Amino acid sequence: MAVDAGPGRGVGRVSIDLCRLWALYARMDVLWIGRAGSTAFMWYLADFIVGTSVVISTWLLAERFDGIGGWSKGQVFFLLGYSLIVRGLVECLFGWNVSHISRRIGRGQLDHMLLQPRPLWMIVLTEGFSPLTGSGMVVAGGIVLASAIGPAVSPNWAFFALNLVASVAVVIAFSYAWGSLAFVAPRAAEEINSSTMAMVDQLRGFPLDGLSAPLIVTLLSVLPVGLVAWLPSRALLGLDQSPITPWLTPLLACVLAGIAGWIFNRGLHHYGRTGSTRYLAHGHRR
Amino acid sequence: MAGPDRLDTSPTDIAVELRGVHKRFMQRQRAGTLRELAGSLLHPKVTWIEALRGIDLSVRRGEIVAYAGPNGAGKSTTIKLLSSLLVADAGEVRCLGMDPSRDRLRYVARIGVVFGQRTELYWDHPVSASFEWKKVVWDIPGDRYLRMRDTVCDLLDLAPLMGTTARELSLGQRMRVDLALALLHEPELLLLDEPSLGLDVLARRRILSFLQEQNAQLGTTVLVTSHDMAELEQLAGRIVMLHQGEIAFDGDFAALRGDVMRHRVLRIEMEDGSAPVLRGAEHRASEGMRHEYVFDGAEVALTDLVAQADAQGRVVDVETHRPNIDDVVAELYERWQGDVTGQP
C-alpha cells in the first residue's frame with residue numbers, strides 16, 4: 001500500500017484543511033457531550049477522578065516527605081500537573097481510539113480511515129479531536145500545575161509549550177510504534193496500546209533521579225516515559241542548568257516520531273498485502 | 001480538496017479493469033492437541049489460500065455488474081482490491097484510469113464503498129451529523145451536497161430519520177442511510193459488498209430501485225456482491241460468477257440459465273387422465289390427470305411437445321416454467337462441489 005503524503009498542496013491549503021477538520025470534530029464533540037447535562041457532568045467528574053487518582057500516590061508521598069529525591073514539594077506538584085496536562089492533551093487531540101491505534105488496526109477499523117480521501121497523517125491528527133470530552137484531565141492538570149507555581153517554583157515559560165507538544169508527540173509515537181504490532185497480530189496486539197498507556201500513566205508522575213544510568217536511558221528511549229514529564233520538568237524548572245536541556249525532549253520527540261512513523265509505515269505496507277482478517281465495529285465511531 | 005472532477009477521468013470507456021490479478025493469503029494451521037502445539041511452535045504450519053487466480057475483468061462505465069460466488073470464492077477480496085484496501089500480488093488493477101493502491105487519495109474521492117456488515121455512521125450522533133461529516137471530509141461543494149442530500153433523502157425516504165441517532169436505526173434503515181452516505185459525493189464507481197444482508201423484502205426492494213435510479217440518472221458504475229441471486233438478477237444486467245478465485249461465468253442471467261440449466265418443466269393436464277408419451281421429454285410424475293415432464297429447451301420446442309400430447313388425447317391445460325435463478329446457482333455450486341470432491 002502506498003503511503004500517501006497527499007497530493008501536492010501548499011502549506012496554506014493543508015492548514016485550512018486541518019482547521020476545517022478540527023472545527024468539524026470539535027463541533028461533533030460539542031454535540032456529543034451536549035446531548036444531556038447529566039452525561040456531561042458525569043463524564044467530566046469521571047475524567048477528573050481518573051486523572052487525579054493516577055497521580056495521588058506521588059502527591060501524598062511528596063506531601064508526607066516534603067518532596068521526593070531532591071525535588072521539592074512544589075516541583076513535584078509541577079511535574080504532576082505537567083504530566084496530567086500531557087495526558088489530557090493526548091485525550092483532547094487523539095481521542096476515540098486514535099491514540100489507541102492498535103484497537104483500530106486490530107479490529108479492522110483502519111479500513112474506515114483508508115477510505116477517506118485524506119492523507120492518513122491528516123486523519124490521525126484530526127479525527128480524535130475532542131476538545132470538550134478530552135479536557136477534563138487538562139483542567140485537572142492545570143489546577144495542580146497552578147497550585148505548584150510560586151516563588152520557589154518558577155518554570156521557564158518560553159519553552160513550556162514546545163516541551164508540552166514534544167511530550168504529547170512522545171506519547172503518540174510510543175503508542176504508534178507499539179500499536180503497529182497489531183498489523184501482524186491483530187487479535188493478540190489489539191489491546192497493546194492499553195498496556196503502553198497504562199505504563200505511561202503509572203510512571204509519568206515519578207521523578208526518575210537516583211535511578212541507575214542504564215535504567216534512565218531505557219526510560220528515555222525504548223520506554224520513553226521519562227520524556228512525558230520528568231525530563232521536560234527538569235528542564236523547565238532549571239534543575240539541569242545545561243542550555244541544551246530545554247531542547248532535549250523536542251529533539252528526542254522528533255527522533256521517536258521518525259522511528260514510530262517508519263515502523264507504522266512498514267506495518268501499513270504489510271496491511272496492504274494481508275488486509276484485515278477480522279472486523280469489530282465497536283469503538284470506531286463516537 | 002476539490003470535489004470529484006468528472007473530466008479528470010480515463011479517456012477509455014472502462015471503469016474497472018483487472019488483468020491477471022492474483023491474490024493469496026497465508027493461513028496458519030492451529031494446533032488442536034498439546035502434541036500438535038509443541039510441533040507447531042517449532043515448525044509452524046501454514047497454508048496458502050489462493051483467493052484470486054488470474055482474474056481478468058472489465059466493467060464499462062455505467063454498467064451494473066453482479067459479482068457472485070459461493071463463500072470464499074474471492075468476492076470480498078476483489079471488492080477490497082478495488083477499494084484500495086488491498087494490493088494485488090500480481091497483475092494489474094486499474095479503476096477510473098488509476099491504480100487504487102497508488103492513487104488512493106484521488107481514487108477514493110471518486111468511489112463509494114458500502115460493506116453490508118459495517119457502517120460509516122456516527123453511532124451516537126443523528127444521521128444529519130454523519131452527512132455533515134461526509135460533506136467536510138470529502139470536501140463536497142455546498143450546492144452539490146444539498147442537491148444530493150435532497151435527492152437521496154427523497155428517494156430513500158430518509159427525511160424522518162435525519163434526527164435519529166444511528167444506534168436507534170433498524171438494520172434496514174441503517175443500510176439505507178449508509179447507502180445514501182456513500183452516494184453524497186456522487187461517486188463514479190459504487191462498490192457494494194452484500195449491501196442487503198439481513199434486510200427485509202421491502203427494504204431490499206427500496207434499495208434496489210434506488211440503485212437502478214442512480215445508475216440511470218448519473219451513470220454510476222455499480223459492482224455488487226450478494227448471495228441473493230434474485231436480487232442480483234433484478235438489479236444487474238451482467239453477472240460474473242467466481243469459483244475458487246477464478247471467473248467461472250461472465251455473461252447475462254439468461255445465458256447463465258441456458259449454460260447451467262437447460263431443462264424446463266412441463267406440466268400437462270389430459271382429459272382422459274393417461275400420461276402421453278412425449279419424444280424429447282422425460283416423464284417425471286403423474287397426479288390424477290396432471291403429468292409432469294422435464295425437457296431440454298434447446299433440444300425440443302415446447303410447441304412440439306404440446307402437439308404430441310394433443311395427438312394422443314385432449315389437452316385440458318399446459319403449464320411450463322423456467323428454473324428460478326436460485327435453483328440455477330444451487331445447481332452450479334453443486335456441480336463445482338462435485339468437481340472439487342471428485343464426485344459426479
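These legends describe close-up views of a predicted model.

**View 1. Helices α2 and α7 of chain A, where their axes cross at roughly 50°.** Helix α2(A) spans residues 37-65 and helix α7(A) spans residues 136-148, and their axes come within 8 Å. With angles from 65 to 115 degrees counting as roughly perpendicular and those under 35 as roughly parallel, α2(A) and α7(A) are therefore oblique to each other, and their crossing is right-handed. From α2(A) the contact takes Y44(A), D47(A), F48(A), G51(A) and T52(A), while α7(A) supplies G136(A), M137(A) and A140(A). Sorted by class, the residues in this contact of α2(A) with α7(A) are four nonpolar, three polar and one charged.

**View 2. Helices α3 and α8 of chain A, where their axes cross at roughly 65°.** Here the axes of α3(A), residues 73-93, and α8(A), residues 160-179, come within 9 Å, and the two helices are therefore roughly perpendicular to each other. The crossing of α3(A) and α8(A) is right-handed. On the α3(A) side the contact is made by I85(A), V86(A), L89(A), V90(A) and L93(A), and on the α8(A) side by L164(A), S167(A), V168(A), V171(A) and I172(A). The class composition of the contact between α3(A) and α8(A) is nine nonpolar residues, one polar residue and no charged residues.

**View 3. The contact between chain A and chain B, to which each chain gives 28 residues.** On the side of chain A that touches chain B, the elements that give two or more residues are α1 (11-33), α5 (110-114) and α13 (245-274) of chain A. Helix α1(A) provides the largest share of that side, seven residues. By class, the side of chain A that touches chain B consists of 14 nonpolar, six polar and eight charged residues.

**View 4. Chain B and its two domains, domain 1 (14-257) and domain 2 (262-322).** Taken over C-alpha atoms, the centres of domain 1 and domain 2 of chain B are separated by 45 Å. Chain B contains eleven helices and 13 strands, and its C-alpha atoms fill a box of roughly 75 × 60 × 45 Å along the principal axes. Of the 344 residues in chain B, 39% are buried. When contacts in chain B between residues at least 6 apart in sequence are considered, 73% of them join residues at least 24 apart.

**View 5. Helix α2 of chain B, residues 75-82, which is mostly covered.** Seven of the eight residues of α2(B) are buried, namely K75(B), T77(B), T78(B), I79(B), K80(B), L81(B) and L82(B). After α2(B) comes S84(B), with a positive phi near 75°.

**View 6. Q214(B) in helix α7 of chain B, residues 201-218.** Q214(B) is buried because 22 other C-beta atoms lie within 10 Å, where 20 or more are required. Leaving aside neighbours within four places in sequence, Q214(B) is in contact with L183(B) and T220(B). Although Q214(B) and G62(B) are 152 residues apart along the chain, their C-alpha atoms are separated by 9.9 Å.

**View 7. H43(B) in the loop between α1 (34-42) and β2 (45-60) of chain B.** H43(B) counts as exposed because 6 other C-beta atoms lie within 10 Å, the limit for this class being 12 or fewer. From H43(B) to V136(B) the separation is 93 residues in sequence and 51 Å in space, C-alpha to C-alpha.

**View 8. L96(B) and E194(B), two loop residues of chain B.** Most residues other than glycine have a negative phi. L96(B), which is not a glycine, has a positive phi of about 50°, and E194(B), also not a glycine, has a positive phi of about 50°. L96(B) belongs to the loop between β4 (90-95) and α3 (104-108) of chain B, and this residue counts as buried because 23 C-beta neighbours lie inside 10 Å. E194(B) is placed in the loop between β6 (189-193) and α7 of chain B, and E194(B) is partly exposed, with 18 other C-beta atoms within 10 Å.

Terms used
Residues numbered from 1 in each chain as written. Chains lettered and ligands numbered in written order. Predicted model: local features only at pLDDT ≥ 70, side-chain atom pairs only at ≥ 80, totals over all residues. Axes fitted to C-alpha atoms, helices over the stretch in contact; angles between N-to-C directions. Helix = DSSP H or I, 4+ residues; strand = E, 2+ residues; numbered from the N terminus. Parallel < 35°, antiparallel > 145°, perpendicular 65-115°, else oblique. Left-handed = near helix turned anticlockwise from the far one by under 90°. Contact = placed C-beta atoms within 7 Å. Nonpolar A, V, L, I, M, F, W, Y, C, P; charged D, E, K, R; others polar. Domains from an automatic or database assignment.
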